[in-house]
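The sequence and the structure are shown first.

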Amino acid sequence: MREPPVLTEQEIADVRAWVIHEDEHVLAFNKPAGLSSQGGRIQAHTLDDLLWAFARSNGKRPDLVHRLDRDTSGVILAARTKPAAGFLGKAIEARRFQKTYVALVSAAPDPASGVIEAPLLRQEIGRESYMRVAPPGTPGSQTAQSRYRTLAHSVDGALVELSPVTGRMHQLRVHMAHIGRPLAGDVRYGGALTFAGMAAPRLMLHAARLKFPHPSGGYLTLEAPPPEDFGLLARAAVL
């Protein structure tokens, strides 16, 4: 068993404040942007590290069952027990998780809603991992499907809802760039650092809702409000 990290009182208070749902099987958070889910090269505690704040007396602690990109905010789920982790892992493999995101783009997609089906291929460039759209049948590529719809728009930009059917790395970001609507702040995939004449210094993508089968039966739907910087840009342009 790995040695638990030393957490400050502020870190413990922060991670507890991010909790949006807690029961005997699962723990869910509204993850802030700028916090890595796991790993990463930045020498700072990740959300995975911070889960030690919920460790039980036997030394066991919750485990993340999926990830969000570091600059993506919103709903993220952890399992409190090994059986719950196994159940949720199988549910993800069976595509029983329904994830809904909101994002900001420079203009409304045309058409305003639709499905993007484009295989993705992972590439390593230096120490960075990227995804790119690849022709069908490209060796190493994976099928990928995303749904999108425009929620509101103006001459300054658009607020879109995104739902990944598959779960590839950076899928929504690459698919939206593929149709000419890269996400605001997503410089890796062609997004601008401004939105509606205001600074967009990070990826404007938020995991707003998660519906999943609960280990005790039935489905649970969890929602998380966007952070203030996302809301400020959305209100300035389209809301």
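The expected span is 1.5 Å times one less than the number of residues, and helices (H or I, at least four residues) and strands (E, at least two) are DSSP runs numbered from the N terminus. The model is predicted: local features need pLDDT of at least 70 and side-chain atom pairs count only at pLDDT 80 or more, whereas totals for chains, interfaces and linings use all residues. Residues are numbered from 1 along each chain as its sequence is written, and side-chain values use heavy atoms, with hydrogens and water left out.

Ala-84, Leu-88 and Ala-91 are the buried residues of H3. Buried means under 20% relative accessible area, exposed over 50%, and partly exposed in between (1.4 Å probe, protein chains only). The face of H3 turned away from its buried side carries the exposed residues Lys-82, Pro-83, Lys-90 and Glu-93. Just after H3, Arg-95 adopts a positive phi of about 60°.

Rings of Phe, Tyr and Trp (its six-membered ring) pair if their centres lie within 6.5 Å; planes under 30 degrees apart count as stacked, over 60 as edge-to-face and the rest as tilted.

| Pair | Centre distance | Plane angle | Class |
|---|---|---|---|
| Phe-97 and Phe-212 | 5.7 Å | 35° | tilted |
| Tyr-130 and Tyr-189 | 6.3 Å | 80° | edge-to-face |

Phe-97 and Phe-212 are both buried. Tyr-130 is partly exposed, at 24% relative accessible area, whereas Tyr-189 is buried, at 11%.
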